[in-house]
Amino acid sequence: MKKVDKHHGVVMPLDRHNVDTDAIIPKQFLKSIKRSGFGRNLFDEWRYHDHGEPGMDHSTRKRNMDFILNHPRYQDASILLGRHNFGCGSSREHAVWALMDHGFRVVIAPSFADIFFNNAQKNGLLTIVLDEDIIEQLFTEVVENPGYRILVDLPAQHIALPNRHTISFDIDPFHKDRHIRGLDDIGLTLEHADEIRDFEEKRRQTAPWLFNNQH
Amino acid sequence: MSSKTLYDKLWNSHLVRQDEAGTALIYIDRHLVHEVTSPQAFEGLRLAGRTPWRTDSILAVPDHNVPTTDRTLGISDPISRLQVETLDQNCAELGITEFLMNDPRQGIVHVVGPEQGATLPGMTVVCGDSHTSTHGAFGALAFGIGTSDVEHVLATQCLILKKSRNLEIRVDGQLAAGVSAKDVVLAIIGKIGTAGGSGCAIEFSGTALQAMTMEGRMTVCNMAIEAGARSGMVAVDDTTISYLDGRPYAPQGQHWDRAVASWKQLHSDADAAFDHSVILDAGRILPQVTWGTSPEMVTAIDGVVPDPDHETDSVKREGMRNALAYMGLKPGTPITEIRPDHVFIGSCTNARIEDLRAAAAAIRGRTVAAGIKQVLVVPGSGLVKRQAEAEGLDKVFRDAGFDWREPGCSMCLAMNADRLAPGDRCASTSNRNFEGRQGQGGRTHLVSPAMAAAAAVTGHFTDVRHQQD
């Protein structure tokens, strides 16, 4: 997984509550059997005027210039500023892959849906939860200042604003460590393989019917 | 020992280890797999030179991409076909049990698991699909996971988790005739919002839940995720146990007796403490209809489309305006004057036999109303389809002018050929009314099976309580 340590980037505001994973990456693109290539279809239905399908030449499609992702000033954005319950809906990890494939490394919001949040941790997409009033202040500053960039410093657990103010944030120590070191979960878990086997053996004794798959 | 909630008991009985910060390793008993969220997980496993930890815990079935029309022709969309074939190959290669597309047991993974008895009380059940919460109806801890976690469970039989908070949602009293489990869960979401259960495991309880069949409980737990909770659950009782008796994957003989004895412990202790509680009066719940693009944008059949100008929160107000523009609705319009042109009866929420019976009963000898272009009835599994046909329900639907199809996810998320065109308005028994969910530009109103069928034959949303005489 991708490491995140310090990240300095342009912020793109997405001023909607409950941005769902169907909107982040519509279902027709979930038919891929790969993890890459979803970026061009990030927010497909908001981003283009026509209906997108896999295999199309997306570069020639008519873009919806009212949608913020298409605004010239956010072309290099790598930090997404969102609202309440970001990433709700389907469990599709493709939503995280699409955001990252497009170039986003950090999403900041007042709250995230649980499955999306969890998927983000597995892929090195840093999700930061901030209070609603701080989010509101960031929305105002981003909109008023073209090229608005912030520095996200994960080891220090703070965000440095252009005016040099810093905002600290909380993060689960386990997630923080994994992001900084780019660790693979499976490898970590398999360090406890003996404990898993012991647990399984006890379970086989107490609930043998769980180990009797009929065919 | 102190008193425990059902969720506490399920958590504790699957805890392999836990560190000081509360990060836990939780053992997974049942892993359900479908074609959309698994290919990258199998690929990752292979690239790392790993093999599945316990193949007998896995049951696979293709559902999202499969056609609901004649299957002898195969899947015409090459991209959908590749995804289903990739699942078939992965399962064959690794010795994983899969119900292939043409197997009579094939269907929506969340219908198939319980129907086979592959979902049992006291289990942890995961699947790369957010509606895995459905299986919590059996007193199981069940939740959806992303593809990286699918790979993690394949490789280790465990998940890395933090414990959620306990949320009790109690619905006491008796539901009016014509009011169903779907109306109950939509009313719950209307009350607590789509993030109301974030970070929580929900236990649905109360006399209304106790009176529900397993099908009804599954409908309620299915939409826990629409209230923001990854898992929803209901305590085990005699209804649970008699549903499972004799199912192919359920224990038999002396294992059955031992299992039943242990399942009877699967309820919250009388004085168990919940972090939050929400209480609803079943008698006050009316048939529900969503009017917007989030399941929390819901009202009762006797209501009207709300006016954004009356909303004080500016972001919410803007959200309502966007939703009404997308849905093509004006504030103040009575719900009963909204006229769908499509009806979809199906999905992991409402495609079980009881749902089809309720839909058939609501038709009452009438036929599709003028202005309705298509009514799809998509059973949840091949076995549900067979049962419905044995009861003559297919004939009731066909005589009414409905399309009777093969099982799968179908127009719930429109990954196969079943989808709305821009501007189409659909009365749907599915679970999400997000923009574009049923096809780009499609407008979804979530309702119960009886409400969907009644809309199909009357041409507008109709209060099914008035049909019960």
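## Two helices that cross in chain B

Helix α12(B) passes helix α15(B) in a right-handed crossing. This is a feature of a predicted model. Helix α12 covers residues 353-363 of chain B and helix α15 covers residues 449-458 of chain B. Their axes come within 8 Å and cross at roughly 35 degrees.

From α12(B), the residues that take part in the contact are B:Asp355, B:Ala358, B:Ala359, B:Ala362 and B:Ile363. They meet B:Pro449, B:Ala450, B:Ala452, B:Ala453, B:Ala454 and B:Val457 in α15(B). Sorted by class, the contact of the two helices has 10 nonpolar residues, no polar residues and 1 charged residue.

## Chain B as a whole

The secondary structure of chain B comes to 15 helices and 19 strands. The radius of gyration of chain B is 21 Å, close to the 23 Å that the globule rule gives for 469 residues, so chain B is as compact as a globular protein of that length. Along its principal axes, the C-alpha trace of chain B spans about 55 × 55 × 45 Å.

Of the 469 residues in chain B, 60% are buried. Contacts in chain B can also be sorted by distance along the sequence. Among those between residues at least 6 apart in sequence, 77% join residues at least 24 apart.

## An open parallel sheet in chain B

Chain B has an open sheet of 4 strands in the order β11-β10-β9-β12, with parallel pairing. Strands β11 (231-233) and β12 (276-281) of chain B are the edge strands, and each pairs on one side only. From one strand to the next, the twist averages 20 degrees. In general, strands of a sheet pair through backbone hydrogen bonds, either parallel or antiparallel.

Inside this sheet, strand β9 (residues 165-172) of chain B runs parallel to strand β10 (residues 200-205) of chain B, and 6 bridges join them. In one of these pairings, B:Arg165 has B:Cys200 in β10(B) as its bridge partner. Helix α6 (residues 181-192) of chain B lies across β9 and β12 of chain B. This helix runs at about 125 degrees to β12(B).

## B:Asp275, a loop residue

B:Asp275 sits in the loop between α10 (253-263) and β12 of chain B. Is B:Asp275 buried or partly exposed? A residue counts as buried if 20 or more other C-beta atoms lie within 10 Å of its own, and as exposed if 12 or fewer do. B:Asp275 has 13 other C-beta atoms within 10 Å, so B:Asp275 is partly exposed.

Leaving aside residues up to four places away in sequence, B:Asp275 touches B:Arg165, B:Asn166 and B:Leu167. B:Leu167 is 108 residues from B:Asp275 in sequence, but the two are 5.9 Å apart in space, C-alpha to C-alpha.

## A covered strand in chain B

Strand β8 (residues 158-162) of chain B is mostly covered, as 4 of its 5 residues are buried. Strand β2 (residues 23-27) of chain B runs antiparallel to β8(B), and 5 bridges join the two. In this pairing, B:Ile26 stands opposite B:Leu159 in β8(B).

## A strand with two faces in chain A

In a regular strand the side chains alternate between the two faces of the sheet. Strand β5 (residues 149-153) of chain A has a covered face, made of A:Ile150 and A:Val152. Its uncovered face has A:Arg149, A:Leu151 and A:Asp153.

Strand β1 (residues 6-13) of chain A runs antiparallel to β5(A) and is joined to it by 5 bridges. Here A:Gly9 stands opposite A:Ile150 in β5(A). Strand β6 (residues 158-160) of chain A is also antiparallel to β5(A), with 3 bridges between them. A:Asp153 stands opposite A:His158 in β6(A). The hairpin of β5(A) and β6(A) has 4 residues between the strands, and in this hairpin A:Gln157 takes a positive phi near 55 degrees.

## Where the chains meet

How many residues of chain A are in contact with chain B? There are 55 of them, in contact with 61 residues of chain B. On chain A, the helices α1 (21-24), α4 (114-123), α6 (173-181), α7 (185-190) and α8 (193-206) each supply at least two residues of the side that touches chain B. The largest share of that side, 6 residues, comes from α4(A). By class, the residues on the side of chain A that touches chain B divide into 19 nonpolar, 19 polar and 17 charged.

Terms used. Residues are numbered from 1 along each chain as its sequence is written. Chains are lettered from A and ligands numbered from 1 in the order in which they are written. This is a predicted model: local features need pLDDT of at least 70, side-chain atom pairs count only at pLDDT 80 or more; totals for chains, interfaces and linings use all residues. Two residues are in contact if their C-beta atoms, placed from the backbone, lie within 7 Å. Ala, Val, Leu, Ile, Met, Phe, Trp, Tyr, Cys and Pro count as nonpolar, Asp, Glu, Lys and Arg as charged, and the others, Gly among them, as polar. Two strands pair if DSSP finds at least two bridges between them. Axes are lines fitted to C-alpha atoms, for helices over the stretch in contact, and angles run from 0 to 180 degrees between N-to-C directions. The radius of gyration is taken over C-alpha atoms; the globule rule is 2.2 Å times the number of residues to the power 0.38. A crossing is left-handed if the near helix is turned anticlockwise from the far one by less than a right angle, and right-handed if clockwise.
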